[in-house]
Structures are given as structure tokens and as C-alpha cells.
Amino acid sequence: MSTLDSRSTPRFLPGVRLHHDQTRGQWVILAPERVIELDEVAHAIVQRCNGERSIETIVAELADEFDATPEEVSGDVQALIDDLIGKRILRL
Amino acid sequence: MNIMLAEASRALAVAPPLAVLLELTHRCPLACPYCSNPLELASQREEMDTGGWLNVIDQAATMGVLQLHFSGGEPALRKDLVELLQRARERGLYSNLITSGIGIDEAKLDRMIEAGLDHVQLSLQDATRESADHIAGYKGSFDKKLRFAGWVRERELPLTLNAVVHRHNAGNVPRMIELALALGASRLEVAHTQYYGWGLVNRAALMPSREQLDAATAVVEEARVRLRGTLVIDYVTPDYYARRPKACMGGWAQKFLNISPRGDVLPCHAAETIPGMYFDNIRERPLLDIWQHGDAFERYRGTAWMPEPCQSCPKKEVDWGGCRCQALALSGAADTLDPVCEKSPDHARIRAAAELESANAAPPPFVYRRPPRSTNSVIGSGIASLSKSV
């Protein structure tokens, strides 16, 4: 995994959107030839990827929401965002 | 009571598919010799009307489908495509257009985007003009495709190129990757030909050699690493050189369903080749009921139907026994082993046929995919020669 600049602002690529799947009671990412199921933490991360929040801000907000330290959540946030960049779901 | 409970839990266990393929029409300007449409193409007269397709979209959304693939033939030949896309968007469905790129002008593309089109998947026959036009059976198709791809990207719509690979273009995979980058595609599917239907008729004209396959695989593996985050490359390997079968359709009736132009609901593109199988029509039975309980879907779902040695095989829930249509076409019965599996008594014969065909320096000409009136006799002779050689 590469290390992402924590000041960069991830956003969805065109043709990718967040969708609440009522049948399965969960959030998903709809993308070309792909449906990615999101658990609670993953949803909390990607719903903040709006091109305005920096990774730093997302980490801080998540730490607040899940009652953890930024150090504890930073690795998960970086890993998920990096993975979704590789899959052409997010861009910086 | 126990039987009822078992019945109920089995029904509940069948999760709805995430995506559904809508084959709106079999009409197509192209005539690719590996087309996934059946040999018996539906005529325009047989196609389901707009109301029928809107009903499909509504039912799909209600049962929990999330993505629709609008396909064909060439789906843009349907005059109601924009209306169907609009309904999909209204129901929250993600829409993917699987197209030849022929016959869609900029105004029509704009109307489709306005209606809610999310993604375009454009077929690519080869990376060079002359070869691509020859494979498509349509002079000028390559240039039209490139122009269409440009329009798609100018509008920031995500683009996937879908290249079917065989002996005539396997060496061009590096150029296909370059072309995908030049066109601004975000995905490239490099799919080796699947030898069912038209692909099977044309097998001797298309089968690559083992060396060609290995070279293409190496190119894709290298490019995937190099282009991470720029171009996603999906790779579908061919069966005939494998030792284990693929999990065809992700397991029969587990992840996928396909609706034919006539409204028949199929577990896969080629299922209509299996004799004695009844296909429910969407106009006669609800989609969810067909998916869960339709004869064609229940027949090979799961592992209960499997013969030995599949039943004792540790991989039976990995590959789900491979492909039923291939077992039928090559070993004569849909409920026997997929002969791609090395445990099949026919495995060596299938491998030898592939090696022999690919080594032929003068492969037979293509039997182009065209409606019956123009090719009846050709298709007939193609199948006859095939059944002798297999």
C-alpha cells in the first residue's frame, strides 16, 4: 500500500455512486460492473469522500464518531481509500 | 413439517442476483463470429414490447437487483431505450449500456445520459482498423467505435472497453491496452472467447495456441500492476487449456439471470441449448418466483444434481461443476462433468482438439453471426462438421 497525502481530498469518480440497498438493509457503492457492500465503518468513511474533506479531516471525524484516537483509525481509513483508488472508485 | 421447513429455508437461501442482463434485441449491425447470442436469433417481431421491459425493470428493482446491463444484439436499435433507462434510474438501478457503438449519435447519447445512463461498455474487436472490421464483419466499424468512445469521454461518462480475444488478435493485447488508455477508458475487459453457440461453431477459426494464451496472460498481469489506479483490467481466461473448470456464471442460478428478447428468463446466455429444459416467460410468471423456483433455475442450482466424482470433489462449491452447456456440447449431457475438468474422461480429447485446431496454419473462415435467412445453410454445415470433430 502506498501512503496517501493526508491533505488530499478523495472523491467519487464519475459513474460511481452511493446507494442504500433496501432489500439487504445496507449501503453499497454502485460502479461499473461492480457492487461493493459497505459495513458501518466503510460507509462512514466513503460517505465523507466528497472532494471537500481531506483524509486528515475524515480521520478526525471518524475518530470522534467511533470514540477512538486518530492514530487508531488512520490506518483503516488510508487502507480503504487506497484500495478504492486502485479499483477506480475514488480519486484524489 | 421437516420437509416444509427445509423447503422454506432453501427458498430463503436463494439471494436475489445483484445484476440482471437484459438482451433487448438480437438485431445487431455487427456479425462477430463469437457472439454470445444463441444460434437461433429472435426476430424483431418476436421482441417483447416496451411495457414488458418496463415491467421487468420494476420487478428487478423490487426484488433487490442493483444493476441492469442493457445489452443485445445492439440495444440502441430499440427505439424505447431512453425510456427504459429513465425507468431504471427512477427505480435507483445502475444502468450499463453494452454496445457496439454503431448507430448512436451525439444527440442520442445526450438523451441517454439525461435519462440516467451510468456507464458504457463498448465492444472492441481488435486494436487495428482492418482486423477489427474483418472480425466484426462491418467495414468502418472501428472508426465509428473510436468516434463514439470520444463522445462518451467528452461527457465524462465512464467507459469500459470489452475485447474478446482469440488466435487472430491475442498478439494485439498490448495495443488494446494502449488504445484503452488513449481513449480514456477506466476499465478494459480482456476476455478470451467462450466456446458456446457461435463461438463453438467458429472454434477451429478462433482457438489460440497455448503460447498465445500464456503471452496474453503475461501482458495483462504486467499491465495490471503498472496501471493500477489508471486502468482496471479484468481478464477472462479460456477454458480449453485449463485443468479445472471455471465457476460458470458464478454458479448456476446463484448470481446471474438473463432475459431474452422474447422475455424468456434464462440462467445463462447458452441455456437454451439444453434440451428438455423449460424457460418461464416474464409475461407469465413473476421474476422473483422464476428466480427462486423456476425449473431451469432449480435444475442445476447448488450441488444436489452433481454426479461423481463432482460430489466428492473438495472444489465443488468453488467451481460449482463448471459449465452445463459445455458439458452438453462436448460430452453429450448437461448433467455430466464439464470436460474442461481434468477428472472428466473427455478432458484429454478436448485439450487435443484445441491444440490441433490452434496449430492449423490455415484456419477455416468465420461463420459470421447473422440472422437465419442469410446463413441457414452455413450454420447447418458448421454444426455438422463440429460434431464430427469433437
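Predicted model: local features only at pLDDT ≥ 70, side-chain atom pairs only at ≥ 80, totals over all residues.
Glu33(A) lies in the loop between S3 and S4 of chain A. Its phi is near 60 degrees, a positive value in a residue other than glycine. A positive phi of about 60 degrees is also found at Glu156(B), again not a glycine. This residue belongs to the loop between helix H6 (141-154) and strand S5 (159-165) of chain B. Glu156(B) is exposed, since 12 other C-beta atoms lie within 10 Å.

Five bridges connect S2(A) and S3(A) in the antiparallel sense, and His19(A) stands opposite Val28(A) in S3(A).

Chain A also touches chain B: 16 residues of chain A are in contact with 19 residues of chain B. On the chain A side, the elements that give two or more residues are strand S2 (17-21), strand S3 (26-31) and helix H3 (70-86). This side comprises seven nonpolar, four polar and five charged residues.

Chain B contains 16 helices and nine strands. Its radius of gyration is 21 Å, close to the 21 Å that the globule rule gives for 390 residues, so chain B is as compact as a globular protein of that length. The C-alpha trace of chain B spans about 60 × 50 × 45 Å along its principal axes. Among contacts between residues at least 6 apart in the sequence of chain B, 73% join residues at least 24 apart.

Of the 390 residues of chain B, 48% count as buried. The largest nonpolar core has 128 residues, and those with the most contacts inside it are Leu22(B), Val173(B), Met176(B) and Cys325(B). Leaving aside residues up to four places away in sequence, Met176(B) touches Leu124(B), Ala127(B), Ala163(B), Leu188(B) and Val190(B).

Cis peptide bonds occur in loops of chain B. One runs from Gly72(B) to Gly73(B), with omega near 10 degrees; Gly73(B) is in the loop between strand S2 (67-71) and helix H3 (81-90) of chain B. Another joins Glu308(B) and Pro309(B), with omega about 5 degrees. Pro309(B) is placed in the loop between helix H12 (295-299) and helix H13 (316-319) of chain B.

How values were computed: Residues numbered from 1 in each chain as written. Chains lettered and ligands numbered in written order. Contact = placed C-beta atoms within 7 Å. Helix = DSSP H or I, 4+ residues; strand = E, 2+ residues; numbered from the N terminus. Nonpolar A, V, L, I, M, F, W, Y, C, P; charged D, E, K, R; others polar. Pairing = 2+ DSSP bridges. Rg over C-alpha atoms; globule rule 2.2 N^0.38 Å. Buried ≥ 20, exposed ≤ 12 C-beta atoms within 10 Å, placed from the backbone. Core = buried A, V, L, I, M, F, W, Y, C linked by C-beta atoms within 7 Å.
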